[in-house]
Amino acid sequence: MSPLSLALWTPLACLAVLLAIPSSQKAAIKLWANVSALLGLAAILPLLAGFDKTNGGFQFVERAPWVPSLGVQYYIGVDGISLLLMALTAVTAVVATLSSWNAIEDRVKQYYAMLLLLQVGMLGVFASLDFILFYVFWELVLVPMYFLIGVWGGPRKLYAALKFFLYTLTGSVLMLLGILTLFFQHWSQSGAPTFAIDALLGLSMPFWMQQWVFWALFIGFAIKVPMFPFHTWLPDAHTEAPTAGSVILAAVLLKMGTYGFLRFSLPLLPDASIDRTIVQVLVGLSITGILYGALVCLMQKDWKRLVAYSSVSHLGFCTLGIFSLNPNGIAGSVMQQLNHGISTGMLFLVVGVMYERRHTREISEYGGLAHRMPLFATVFAFAVLSSAGLPLLNGFVGEFTILQGAFEASRLAASLAVIGVILGAAYLLWLYQRTTLGQITNMKNNHLPDLSPRELAVFAPLVIWAFSIGLYPKPYFEMIERPVARIVERVRPGYFQERPQAPALAELDPAAAPAIRLQAGGAR
Amino acid sequence: MNFLDLIWLIPLFPLAGAAAMLLIGRRLDPQGASAVALAHGLGEPEAHGHHHHPFASTRRLIAYLSPGAVLLSFLFSMGAVVQLASLEHRSHEVVLYTWISGLPFHTATGALSTFTADWGFLLDPLSSVMILVITGIGFLIHIYATGYMAHDGGYYRFFGYLNLFVFFMLTLVLANNYALLFAGWEGVGLCSYLLIGFYFHKKSASDAANKAFIVNRVGDAGFLIGMFLLLSLTGTLRFTQMNELLTSGAFTAETAGFGALSVAALCLFAGATGKSAQLPLYVWLPDAMEGPTPVSALIHAATMVTAGVYMVARSHVLYALTPETSAIVMGTGAVTAILAASIALVQNDIKRVLAYSTVSQLGFMFMAAGAGAYWVAVFHLYTHAFFKALLFLGSGSVIHAMSGEQDMRRMGALKDKIPTTFRTMFAGSVAIAGIPGLAGFFSKDEILWQVFSSPGGSLAVYAVGLITAAMTAFYMWRLMFMTFYGEPRMDAETARRIHESPASMTLPLVVLAAGSVVAGWIGAPKLWSFLPDSFRAFEHWLMPVFTHGAPRAAAGHEAAHHDAGLEWALMALSVAIALGGILLARSLYGNRWTVDPIESLTGPLHKPLRNKWYVDEVYTFLFIDGLAKGGGRLLGVFDRGVIDGGVNGSGWLARFASRVSIWWDTWIIDGAIRLSALLAQAASFPMRLAQTGQVQTYATVFLLGVALFLGWRWFA
């Protein structure tokens, strides 16, 4: 078994052991769940250690036939982008599991089983190189998340769970149509059925067909991200999900959408991806998401809902970076996907800490928490600053790089997106002020215990990670540099050559990009 | 020891101090923020009087550690600057590592470049002035704060933030590229936020902190765009490389008219208007006075707010190439200077007068920078750091003596009760008013002269500057007369408790007062040709920075000294106007008064002035209530109603359709089947009557049938 398969299936093996523990042994189940999460993280380490940064292709590749008649394979492998997201998944799993210790007392065994199943699904999504395998993992993720929200969620859990399920399922079905189109197109061209991504790369498709497939995949990915206007499942799912569910949802699940754009839409459909209309629509939706999400944050009265909408805004930056279609935009987007996982994960954990103590998410119920909970106030401040993109913390690196890329693509887009940076500071600081600063006005907040050592242990890895990325992001950039370059080279061949004669204005507008391609590389 | 290669240590000492304070400070000073701060009520010190603090000995450790870290930075800065002077080109760069290591991108000309920024430091005469001001004056303010904050909760937290601020500020001025400068820029903004909101239990304090951070973010957005535009034009963020490219003449196309470079310069200046509190973003600074007074002195007077001036001076090659933007800089500075000074005329809160004064003086600095006289801007920055830090610390000492009172209408006649504070503030007020021989005179007069005479200057701006100078003299001396002269106007209890501040507070005042007196003598006017050249050391020290690629400023300087008679006349005019301001203040406030004489002096303007020209109200209406709250609420309704309404609507539609289907299924399809069954049932009803299931009945019917049949056969 390759190290990648080992990393992928470790949570499932742990799940098998978990199921063997009797349901009455709650402590043993909790302990084993945490050990499992750590084992899952440990299983990622050999991948990180053995990863070759100079290689832009897929590594730790493993393939075996699965459904030979249709060419479906068990085909897995990672590049820098997917490995980074797998590492994020593993760390998030550790944090989410540990954070659930006291929060979940009901159906403990089933709960942790769902978490482990979820982990397998998420890792599988990032590791798959076969479209059907990818689709299976993609759908697998849906099931445990549905139950996490529907069983262990808040008051409106059934509504939220169903909404989440139906929304994503709608997207998935359209996505499947897109996948099948690619499959049949390839079959008719080469005579051999396959779902392998690298084989599909060689496909030649008429532009109109690329466009249709692009939009089909787009619906699937855009709902997952979520991009405006497909975002309304998110606030409900986030708000009703248990803390660990929100953390995983924000940190990893949303990234499946952006990852889909990077792994499939751009490389498989390069002509559609650079099409003027498509780029304009996607950049437009991204910017709308950034500003819209931020403005809606300003009127939220529910702490968790506010954080949920902030995700819409932050993910808008991620998709803006992707559809800048240049190295810094895309690299910044990958960095920001990681950063958002860390900072928004922390923000949800922060809400969870307070929800466990007070069982309310109403912002107006709080105020002056810093007096009794100084440690909490400090950790919360780090989360806020990281999310607001303060330099020396992680968020800045991603935002800064995305904005540089966006600026290269369209000065107007970058100038609009930068307003989101202002609004981001506004809603986060206002949230912090209303909950944490000021006098204690509600006596229920007067005797709250500060963070316990376990809770500190939940936050510590994220805070440390946030600083390390903010101070020294170079290793991360090195990891993703080559895969990003491959994507850019695929969409815009000849990008990495000097073009001293290119008119300066060509860079201002993505609309002019096809002209550049024509000049640099000719027809594909 | 080679201090030049160790300049990276200069910001590191305060960072280590901050880390120590914030990580283990709680243990040293366990009576943390909350308990004491809550007991304080208003938050300003003195509520406790002079009792011994239970953790006095561990607090002393903080009181040594925190200023000590800044002192170390100061010593290393001195060493580095001395060694810098012996370098021929007076510039030294130290790169620690690559910080932002982005990917390749295309510049506006299509060339391929890479998006990187080092964690690198540049020491040249410009940054050397800045680090000496920051660490020198910073050290004095730290000392002052050990006394001022002695009775406050969260001692460790205060000094942790203060040290952190010094770290970021030093990073800002030592950075060798825009990205790292921006990191320091945002970092000082964060520390400003933390320290304005230091008394976080007060709503007004956290409101002011939020306002400062968010208003600054507006400017920072402009800064970011300007940075990307420069990067796109030149392919680099590093100052030395960028300046070389800009001076190479490759950008003549962009500088013709209001080109891309002008836009870039304007965007950077937008950042400066935030940090340095200029129009239209100055509104946060007066509110920032919610922070403890040492913070006002260090961050909101002497150092952080000058970061914008520093940044423009650092980008002098860019601004020299973009005369239109430079004119905007100068104009903005002038309008801000007079607007803020006019508001300062009528304020009664001692710290607010000084806050508006700071906004106004920063306007003077931008007037100089916009006129192309960058060294003069930095010179005023340097002299201003002395006298404004002094005035703020002095006002803190006054507030300390007055048991927290900040309203000057309830002060008066303090000069003999707190003599050291009075004498030092006297020196500061003379200095800022522009009386010859003191620091403020040299720098302000040079600014006025440059604005008047240099090619980038303008007569109108000069006139504005002159009027502002008169206002400055007046409001400062109004402050002095209201506070120290005349009749005492405080209540008896407060009067009884008036006391001079401890040595830890007065000693920094004395040092700063000495600085306010003598600091200007290294920038004496060329006109005073009787003085040897060493009295003009400041300009000579900075010249290598600003002559590099800025021929306009140098040419302006040549032109500046051909008409000695005119220059003498203008100097006499500005001195006369300063004296006039002081004398007017004296005539109005020197004697007994009950109704503030400024009310009759300003007449119908008094109300708008008191209300700060209603700028805050307009901003609140437009941006807080309008854009943020209104827009947020509107979109929130849109989100719930329209978008989610659509989603829920489709869900409802699906449920409706399913109900219709069920109905159809039950009543039409199933109904048809059941109807046919019913019909069959009805039709079979008579038949069924016979089907009783009883053998006897069947037998009877059978027999009856047989009998009937046989009977029929019989009769037939």
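Predicted model: local features only at pLDDT ≥ 70, side-chain atom pairs only at ≥ 80, totals over all residues.
Residues are numbered from 1 along each chain as its sequence is written, and chains are lettered from A, with ligands numbered from 1, in the order in which they are written.

Chain B gives 50 residues to the contact and chain A gives 53 residues, two residues being in contact if their C-beta atoms, placed from the backbone, lie within 7 Å. Helix H7 (203-234) of chain B is among the elements on the side of chain B that touches chain A, and H7(B) gives the most to that side, with 13 residues; helices (H or I, at least four residues) and strands (E, at least two) are DSSP runs, numbered from the N terminus.

Strands S1 (92-106) and S2 (112-123) of chain B also give residues to this side. S1(B) and S2(B) pair in the antiparallel sense over 11 bridges, where pairing requires that DSSP finds at least two bridges between two strands. Within this pair, B:Val95 stands opposite B:Gly120 in S2(B), and in the hairpin, which has 5 residues between the strands, B:Gly110 takes a positive phi near 95 degrees.

In chain A, helix H6 (residues 157-190) is followed by A:Gly191, whose phi is positive, near 80 degrees.

Apart from its neighbours within four places in sequence, B:Val378 is in contact with B:Leu126, B:Val129, B:Ala313 and B:Leu542.
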